[in-house]
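User: I am new to this structure. Please take me through it in short questions and answers.

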Amino acid sequence: MAIDSLATPLGMKPKVAGKPKGFSVPRVLLAIVSFGIALFLAYAALQSSRRSGLPVAVVPIERDRSAIGDSPRARADEPVSSRPEGSRASAAQVETESGVRVVRQNGGQVPGAAVIRVPDAPRAESNPVSLSAAPAPRLTERIPLGLLPKVGEDGTLPRQFYARPFADTAKPRIAVVLTGVGVSARSTSDAVTRLPGDFTLAFAPYGRDLESQVFRARRDGHEVLLQIPMEPFDFPDSDPGPHTLRAGGSSKENIDRLHWLMTRFPGYIGLMNYMGGRLLSTPGALQPVLDEIGRRGLLFLDDGTTPRSMAPDIGKRLNLPVLQADRTMDATGSARPLAAMLEEAEGLAQRQGRAIITVPALSANIETLISWEADLARRNIVIAPLSAILEARAP
């Protein structure tokens, strides 16, 4: 008999040894998890019952290939034109014209579908001159970086195809090129919508959403240029930005950088320098760059800030159209106020039949140009796109 049995009073059963009483940890954890799952399922069932009365539709969205040809980029050889007011009257018409086909479960229309049209900002011209859409496939070369302009097999030049039409006139003409467009959203919008299409817009290569901005500018009739960062004399203290063409760089390196810049957006008639005093005065580095520009059927605008620029001389040897600005306004306007520069440009145009000025695309400058242009016709002078300056002759 066990010792515990001897110590037990008579009539009572001895205690049986076993596990101590209490809660089991695994059982507690299992109970908590089970309770959480039950709570989640109850919540899900409640939410499902609340939504049970709502209609459900499966909407596959397919691209309608038959409508792609109507997009601005596809109609490369047709003029860009804006849609007439009120032409989008229904959701069905929007779907048809957008190239996206919506397949609905019931096969019908969405009840009460409507399109709310927000009016566009007022334009400088009620009927802007139409420009050829860009990019034109026959004037485009695809490289790994993107699309580059090229001369067409029939000899068509991009600088002519993408140019703004201009009615030839014996009146003196002034080309006004706004520079740095695309950097500031506000000034870009002002330049595109408030200035007449005769003003040429030079876009910097670093702006955001450049293709859309250039498309809007050309839609409103503006001829466009691409600004190219070039090495100045005080580089790198003054740094034009990434992909700057360097005076000491190899031809291949500069051409690769040039190609990156040229693929930023389509539709420009030519290139112009941004800074670049050292490169423009270094013939060995400048000639391959200008040769590539000419080979692609473009023109080059020298902003006239480098007195020792070799661009005009090299352009003559390469048969590249090189234009030089007669007056250039700096970003601050401290060197020459805009009003004084405009007066000088008028005098030049009266004497030689043409003048070119470059003006930073700042809101204050745009206001001055609007007032100046409104009174220019009284002095028998016209604003002309840059391409029209190539055809201008002295009186």
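User: Is lysine 252 buried or exposed?

Analyst: This is a predicted model, so the answer rests on computed values. Lysine 252 has a relative accessibility of 61%. The cut-off for exposed is over 50%. Lysine 252 therefore counts as exposed.

User: With which residue does lysine 252 form a salt bridge?

Analyst: Lysine 252 lies in helix α7, residues 251–262. The closest N and O atoms are 2.9 Å apart, and the partner is aspartate 256.

User: How does aspartate 256 count, at 37% relative accessibility?

Analyst: Buried means under 20%, and exposed means over 50%. Aspartate 256 has 37%, so it falls in between. Aspartate 256 counts as partly exposed.

User: How many salt bridges does a search of the whole structure find?

Analyst: Side chains of opposite charge can pair when their charged atoms come close. The pair of lysine 252 and aspartate 256 is one example. Over the whole structure, the number of salt bridges found is 15.

User: What separates arginine 295 and glutamate 292 along helix α9?

Analyst: The side chains of arginine 295 and glutamate 292 meet in a salt bridge, at 3.0 Å from N to O. Both residues belong to helix α9, residues 283–295. They are 3 residues apart, so the separation is about one helical turn.

User: Is glutamate 292 buried or exposed?

Analyst: Glutamate 292 has a relative accessibility of 6%. Buried means under 20%. Glutamate 292 therefore counts as buried.

User: Which residues are linked with Glu292 in a network of salt bridges?

Analyst: Glu292 meets Arg295 in a salt bridge. That pair belongs to a network. The residues linked with Glu292 are Glu141, Arg295 and Arg296.

User: What is the N to O distance in the salt bridge of arginine 327 and glutamate 344?

Analyst: The side chains of arginine 327 and glutamate 344 meet at 2.7 Å, N to O. This pair links distant parts of the chain, 17 residues apart. Arginine 327 is in strand β11, residues 327–328, and glutamate 344 is in helix α11. The N to O distance is 2.7 Å.

User: How do arginine 327 and glutamate 344 count by accessibility?

Analyst: Arginine 327 has a relative accessible area of 24%. Glutamate 344 has a relative accessibility of 31%.

User: What is the orientation of α11 and α12 to each other?

Analyst: Helix α11 spans residues 338–352, and helix α12 spans residues 363–374. Their axes come within 11 Å and cross at roughly 40 degrees. The crossing is right-handed. With that angle, α11 and α12 are therefore oblique.

User: What is the orientation of α5 and α12 to each other?

Analyst: The axes of helix α5, residues 185–194, and α12 come within 9 Å. They cross at roughly 15 degrees, and the crossing is left-handed. Angles under 35 degrees count as roughly parallel. So α5 and α12 are roughly parallel.

User: Which residues make the nonpolar surface patch of about 370 Å²?

Analyst: One member is leucine 29, found in helix α2, residues 25–51. Leucine 29 is exposed, because its relative accessible area is 51%. The patch is made by Val25, Val28, Leu29 and Ile32.

Key: Residues are numbered from 1 along each chain as its sequence is written. This is a predicted model: local features need pLDDT of at least 70, side-chain atom pairs count only at pLDDT 80 or more; totals for chains, interfaces and linings use all residues. Side-chain values use heavy atoms; hydrogens and water are left out. Patches are made of residues with over 30% relative accessible area and no salt bridge: like charges are joined within 9 Å, nonpolar side chains (Val, Leu, Ile, Met, Phe, Trp, Tyr) within 5 Å. Accessible areas come from the Shrake-Rupley method with a 1.4 Å probe; for residues, only the protein chains shown count as cover. A salt bridge is a side-chain nitrogen of Lys or Arg within 4 Å of a carboxyl oxygen of Asp or Glu. Helices (H or I, at least four residues) and strands (E, at least two) are DSSP runs, numbered from the N terminus. Buried means under 20% relative accessible area, exposed over 50%, partly exposed in between (1.4 Å probe, protein chains only). Axes are lines fitted to C-alpha atoms, for helices over the stretch in contact, and angles run from 0 to 180 degrees between N-to-C directions. Angles under 35 degrees count as roughly parallel, over 145 as roughly antiparallel, 65 to 115 as roughly perpendicular and the rest as oblique. A crossing is left-handed if the near helix is turned anticlockwise from the far one by less than a right angle, and right-handed if clockwise.
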